[in-house]
Amino acid sequence: MSRGPLEVVTQAFAALNRGDLDACTALLEPGFVMHHAGAAPVHGRQVWEHGVQAMRTAFPDLHVRVEDALEQGDRVALRVRLSGTHHGHFFGAPPTGGRIDYVSHEFYRVRDGLLAEEWICSDSATFARQLAGEAAPGGDGHAAHG
C-alpha cells in the first residue's frame, strides 16, 4: 500500500526532528525543487541537505511542529512552527543562546511516494529579529510589542 502525500510529509518532519537527515533525504526525489519566497528555485537533494545542515548546526534542538495540514491530490499545505535554541553560527549570525520560535507556511508536491517540490513562505521578519537576539514570543509567532 502506498503512502499518501500527507503521510510522506509528516514522515519527513519526524525524521528531521530526530536529526535523521539520511531518512529525510531518502524521501526526496533526486531532482527535488525548493522554492523559497523571494528567491529563485533551487534543485537537488544536496541543496536541501546543505540548508538543513546549516539549520541543525545553528539550532541543534530544532523542532518542527505541524499545526495545520491539508491534503488535496498530490499536494500538501501546512502551517508549521519551528523552534530551537541558537547555539551555532547561522549564515554570519553569531550564536545568541536565545530561542527561535516562528511560523512557516509550506506547500509540498509528492510524486510516487517522494517529495518532488516544496514552496516555503516563513515569517522571516520574526526569525531575523530572534537571530539578532530579540526574545522569542510567548508562542503566538508574533513579535512582542512593548
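Q: How many aromatic pairs does a search of the whole structure find?

A: A pair of aromatic rings is described by the distance of the centres and the angle of the planes. Rings of Phe, Tyr and Trp (its six-membered ring) pair if their centres lie within 6.5 Å; planes under 30 degrees apart count as stacked, over 60 as edge-to-face, and the rest as tilted. The search of the whole structure finds 6 aromatic pairs. In one of them, Phe-90 and Phe-91 have ring centres 4.9 Å apart and planes at 80 degrees, so the pair is edge-to-face.

A: Two remarks on the source belong here. This is a predicted model, in which local features need pLDDT of at least 70 and side-chain atom pairs count only at pLDDT 80 or more, while totals for chains, interfaces and linings use all residues. Residues are numbered from 1 along each chain as its sequence is written, and side-chain values use heavy atoms, with hydrogens and water left out.

Q: Is Phe-90 buried or exposed?

A: Buried means under 20% relative accessible area, exposed over 50%, and partly exposed in between (1.4 Å probe, protein chains only). Phe-90 has 11% relative accessibility and therefore counts as buried. Phe-91, at 62% relative accessibility, counts as exposed. The loop between S4 and S5 holds Phe-91, whose phi is positive, about 45 degrees, although the residue is not a glycine.

Q: Which parts does the pair of Phe-90 and Phe-127 tie together?

A: The ring centres of Phe-90 and Phe-127 are 5.6 Å apart and the planes are at 80 degrees, so this pair is edge-to-face. Helices (H or I, at least four residues) and strands (E, at least two) are DSSP runs, numbered from the N terminus. Phe-90 lies in the loop between strand S4 (75-85) and S5, and Phe-127 in helix H4 (residues 124-131), so the pair ties together parts that are 37 residues apart in sequence. Phe-127 is buried, with a relative accessible area of 12%. Ring pairs link Phe-59, Phe-90, Phe-91, Tyr-102 and Phe-127 into a cluster.

Q: In what order do the strands of the open sheet stand?

A: Strands of a sheet pair through backbone hydrogen bonds, either parallel or antiparallel. Two strands pair if DSSP finds at least two bridges between them. Here 6 strands form an open sheet in the order S2-S1-S6-S5-S4-S3, and the pairing is mixed. Strand S2 (42-43) and strand S3 (63-72) are at the edges with a single partner strand each, so one side of each has no neighbour in the sheet.

Q: Which helices pack on the sheet, and what do they touch?

A: Contact means heavy atoms within 4.5 Å. Axes are lines fitted to C-alpha atoms, for helices over the stretch in contact, and angles run from 0 to 180 degrees between N-to-C directions. Helix H1 (residues 5-18) packs on the sheet and touches S3, S4, S5 and S6; its direction makes about 175 degrees with that of S3. Helix H3 (residues 45-58) also packs on the sheet, touching S1, S2, S4, S5 and S6, and its direction makes about 65 degrees with that of S1. Among the buried residues of H3 are Trp-48, Val-52 and Met-55.

Q: In which sense does S6 pair with S1, and in which with S5?

A: Strand S1 (residues 28-36) and strand S6 (residues 114-122) pair in the parallel sense over 5 bridges, and Trp-119 in S6 is the bridge partner of His-35. Strand S5 (residues 99-111) pairs with S6 in the antiparallel sense over 8 bridges; there, Glu-118 in S6 is the bridge partner of Tyr-108.

Q: What do S5 and S6 form, and which residue in the turn has a positive phi?

A: S5 and S6 form a hairpin with 2 residues between them, and Asp-112 in the turn has a positive phi of about 55 degrees. Asp-112 is not a glycine. With 77% relative accessibility, Asp-112 counts as exposed.

Q: With which residues is Thr-85 in contact, leaving aside its neighbours within four places in sequence?

A: Thr-85 lies in strand S4 and is buried, with a relative accessible area of 11%. Apart from neighbours within four places in sequence, its contacts include Ala-58, Phe-59, Gly-97 and Arg-99.
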